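Please look over the sequence and the model before turning to the notes on backbone, domains, chain contact and ligands.

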Amino acid sequence: MKKLTFKGGTHPPHSKKATEKLALEKANAPKIVVIPMQQHIGAPCDPIVAVGDEVKVGQKIGEAKGFVSVPVHSSVSGKVTAIEPRLYSGGTKVTCVVIESDMQDTIHESVTSKGSLEALSADDIKNIIKEAGIVGMGGAAFPTHVKLAPPPEKNVDTVILNGAECEPYLTADHRLMLENPEDVVYGLQAFMKALNVSKGYIGIEDNKMDAIEAMEKAAQGKEGIEVVALHAKYPQGAEKQLIYACTKREVPSGGLPADARVVVNNVGTAAAVAKAIKTGMPLVERIVTITGEGISNPKNLFVKIGTSFREVIEQCGGFKGNPQKIIAGGPMMGIAQFNIDIPVIKGTSGILTLSENELQLSDPLACIKCGRCIEVCPIGLLPTKLESFSSRNMLMEAENYHVLDCIECGSCSFICPAKRRLVESIRLGKAQVMAEKRKAKA
Amino acid sequence: MEHGNLVVSSSPHIRSKESVNSIMYNVIIALLPATVAAIYFFRLRAFLLIAVSIIAAIAAEAIILKIRKKPIAINDGSAIITGLLLALTISPAMPLWMAVVGSVVSIGIGKQVYGGLGSNPFNPALVGRAFLIITFPVQMTTWINPIDGLATATPLGLQKMEGIGTGYLELLLGNVGGSLGETSALLLLIGGLYLIYKGIIRWYIPVSYLGTVAAMSLILGSDPIFQLLSGGLMLGAFFMATDMVTSPVTKKGQLIFGIGAGLITIIVRLYGGYPEGVLFSILLMNIFTPIIDKYAMPKIYGEVKSK
Ligand code: SF4
Ligand code: SF4
């Protein structure tokens with residue numbers, strides 16, 4: 001089998017052994033869920049329920065505002081007990097609807113099958129996806145229906161499903177592809193129909209040969225769908241790198257995937273779409289990998305949106321030793337958390353508990369100009385230069401050296417032998433350059 | 001279920017195992033075969049020169065860092081490398097105190113005046129060596145034969161001044177006159193290959209450097225194998241030109257650097273006043289490193305104008 005890849009990149013230890021062979025399990029039903037009104041990139045939702053209201057599973061509780069936004073639904077049946085700002089994994093407080101479950105899981109009347117894919121039009125599909133509150137489940141949580149509506153002049157001709165799961169530790173997508181490949185293919189077909197394209201790829205890293213086989217089997221006889229094996233290399237699942245690996249096209253600097261005539265979605269997103277069409281159930285549950293040396297029994301769980309990290313970790317036997325860091329997402333791009341009383345949201349692909357041994361904390365030393373960061377940067381940037389420009393506030397130079405093209409993958413910081421916090425500085429520099437640009441425009 | 005204070009820092013949350021220390025110690029390991037051979041060939045004299053150079057380098061580094069009120073970071077191994085590299089480039093006949101001077105100059109003027117490790121434009125050991133050549137030209141070019149300890153010339157000197165050749169095997173094994181560590185091409189090659197195998201250095205500089213020397217010797221009618229095996233070329237190509245701080249950061253840049261150093265080396269060797277050109281070639285190319293870095297940039301993903 002030919003294996004595809006991109007330029008640059010690095011090889012962090014996969015660390016997937018603890019959970020890759022563990023079948024998906026349903027998490028215990030939570031007694032209380034805390035559902036943020038903003039779990040996606042874009043405008044937050046307005047709550048459309050009030051304290052004291054009875055709600056059911058799949059019932060809409062937050063209405064989307066604007067095009068780049070999706071509604072939010074209840075993941076349990078029960079009673080709304082509070083609507084107030086709470087801390088979430090983004091690190092800030094957002095309005096949350098708190099629901100006490102009646103443990104009945106009564107399903108809302110609106111949850112009914114949308115019929116067969118053949119009978120649905122492209123617009124129907126996009127509408128179902130939006131109404132089901134579906135966002136990118138790889139972590140970025142960008143509203144999916146927006147990706148499915150590129151300007152017609154872009155001539156999108158390809159959909160790529162991201163099954164690379166290049167973040168170390170995480171195995172949620174891996175298990176999904178093994179255990180429910182049919183829904184992944186179904187979701188891809190829905191995307192292809194919504195975009196009116198005939199070519200679909202499913203890209204999977206070659207450290208998941210079993211998933212590649214399962215997907216190939218499920219895709220057999222489905223026209224236009226091709227499963228491609230990708231080299232296991234970080235960040236293989238980054239949009240631009242995946243597009244290059246599958247199609248050899250490059251997204252122009254400053255552009256979107258549609259500029260390379262491609263739309264990329266996560267395999268988890270595809271499965272959520274399949275569910276929304278087949279059963280009518282909106283996005284109220286997701287697969288989360290709970291792992292790391294700081295967890296007693298690592299697992300892959302179906303978790304209802306709004307369940308607290310604490311409950312989920314308890315189900316995994318609690319902490320082992322003295323956990324040093326808890327991360328929502330993967331170790332390369334996930335967000336470190338202050339505490340565990342925060343809810344699982346649509347973008348929570350993993351709950352990672354790292355021990356001291358895994359963290360390898362050390363102070364940064366002077367750059368020895370080894371060039372490692374440059375070698376691994378998947379974009380071809382000079383991270384060492386960008387870091388020094390960013391930290392010295394030389395914004396013009398940073399922009400000239402393409403700071404805005406940085407995808408914040410963290411490969412540079414990972415590899416640096418001097419342990420410099422490259423991407424951390426670059427991220428700040430990038431934000432400042434963008435702020436300046438906005439100012440200049442205004 | 002409770003947890004202590006959680007570390008909340010920016011991603012990525014995992015780091016590669018490689019550190020500045022591990023890089024430096026691997027370089028030292030790679031130099032060991034040649035170092036042991038130097039001691040084998042030149043006995044106590046070699047041992048003392050190497051020991052004194054290293055100790056002087058470490059001491060100079062510690063004292064200067066103390067004066068500059070910086071943390072004493074001598075355990076990063078870089079001072080050991082500087083002292084060792086310098087020792088390997090000087091004549092076994094050199095008085096010990098001159099080696100001390102060389103080490104102090106390497107660390108002081110070669111490195112610390114610029115702000116320490118990472119900021120120096122020139123390879124510190126080569127700065128020290130250049131200083132010694134200018135200050136003590138006689139002692140720096142008095143060579144002894146490892147077998148009988150009598151005065152002799154280096155193979156390059158013999159070839160150039162008297163037209164006497166030296167056998168490949170002797171050059172490979174190091175049974176020839178020359179500075180401490182420059183004599184055995186084979187052991188240096190083994191050390192260099194170890195560094196490439198371990199991923200500490202890339203092949204770009206050594207291969208383009210050695211390749212250029214070989215190709216140019218052929219073109220200019222000299223014996224390429226002799227040119228490759230003699231003098232400080234192996235030491236220079238694998239251990240000095242590849243000094244990360246003072247060589248370009250990109251692949252393209254490193255290839256240019258190697259080719260440039262190769263050209264200068266062969267020109268000095270064949271047409272210059274000195275028999276050896278490795279030192280000058282690397283120092284000269286160090287000067288060009290910032291310029292090379294400026295122009296030899298990697299291709300950026302998506303660098304086509306957005307419509
Ligand atoms: S500079 Fe940006 S894109 Fe390049 S490796 Fe670092 S984080 Fe990734
Ligand atoms: S990896 Fe670190 S030490 Fe090496 S060039 Fe980049 S910033 Fe400097």
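**Briefing on the predicted model**

The residue A:Y169 is located in the loop between strand 10 (158–163) and helix 4 (172–179) of chain A. The model examined here is predicted. A:Y169 has a positive phi of about 75°, although A:Y169 is not a glycine. Most residues other than glycine have a negative phi, and most peptide bonds are trans.

**Backbone features**

- A cis peptide bond links A:Y234 to A:P235, with omega about -10°.
- A:P235 belongs to the loop between strand 12 (225–230) and helix 7 of chain A.
- In chain B, the peptide bond from B:S11 to B:P12 is also cis, and its omega is near -5°.
- B:P12 lies in the segment before helix 1 (20–67) of chain B.

**Domains of chain A**

- The domain assignment divides chain A into domain 1 (25–111 + 282–357), domain 2 (112–279) and domain 3 (372–441).
- The centres of domain 2 and domain 3 of chain A, taken over C-alpha atoms, are separated by 29 Å.
- In the contact of these two domains, domain 2 of chain A takes part with 7 residues and domain 3 of chain A with 6 residues.
- The area buried between domain 2 and domain 3 of chain A is about 490 Å², and carbon and sulfur atoms give 49% of that area.
- A:Y234, A:K240 and A:Q241 supply 63% of the area that domain 2 of chain A buries against domain 3 of chain A, more than any other three residues.
- Between domain 2 and domain 3 of chain A there are 0 salt bridges, while 3 residue pairs are in polar contact (both at pLDDT 80 or more).
- On the side of domain 2 of chain A that touches domain 3 of chain A, the residues divide into 3 nonpolar, 3 polar and 1 charged.

**Contact between chain A and chain B**

- The contact involves 70 residues from chain A and 41 residues from chain B.
- About 4,800 Å² is buried between chain A and chain B, with 57% given by carbon and sulfur atoms.
- Of the area that chain A buries against chain B, 14% is supplied by A:I368, A:K369 and A:R372, more than any other three residues.
- There are 3 salt bridges across the interface of chain A and chain B.
- A:R372 forms a salt bridge with B:E18, and the closest N and O atoms are 2.8 Å apart.
- Across the interface of chain A and chain B, 25 residue pairs are in polar contact (both at pLDDT 80 or more).
- Several elements of chain A each supply at least two residues of the side that touches chain B, including helix 9 (309–315), strand 16 (325–328) and helix 11 (372–376).
- Helix 7 of chain A gives the most to the side of chain A that touches chain B, with 4 residues.
- The residues on this side of chain A comprise 38 nonpolar, 16 polar and 16 charged.

**Surroundings of the ligands**

- Ligand 1 is surrounded by 13 residues, of which the closest are A:C377, A:C406, A:C409, A:G410 and A:C412.
- Helix 14 and helix 15 of chain A are the elements that give two or more residues to the shell around ligand 1.
- The shell around ligand 1 has 10 nonpolar, 2 polar and 1 charged residues.
- Among the residues around ligand 2 are A:C367, A:C370, A:C373 and A:C416.
- A:I368, A:K369 and A:R372 are also among the residues around ligand 2.
- The shell around ligand 2 divides into 8 nonpolar, 2 polar and 2 charged residues.

Methods
Residues are numbered from 1 along each chain as its sequence is written. Chains are lettered from A and ligands numbered from 1 in the order in which they are written. This is a predicted model: local features need pLDDT of at least 70, side-chain atom pairs count only at pLDDT 80 or more; totals for chains, interfaces and linings use all residues. Side-chain values use heavy atoms; hydrogens and water are left out. A residue is near a molecule or strand if one of its heavy atoms lies within 4 Å of it. Ala, Val, Leu, Ile, Met, Phe, Trp, Tyr, Cys and Pro count as nonpolar, Asp, Glu, Lys and Arg as charged, and the others, Gly among them, as polar. Contact means heavy atoms within 4.5 Å. Buried area is the accessible area (1.4 Å probe) that two parts lose on being put together, summed over both. A salt bridge is a side-chain nitrogen of Lys or Arg within 4 Å of a carboxyl oxygen of Asp or Glu. A polar contact is a pair of N or O atoms within 3.5 Å; within protein, one must be able to donate a hydrogen and the other to accept it, and residues adjacent in sequence count only if both atoms are side-chain atoms. Domain bounds come from an automatic or database domain assignment.
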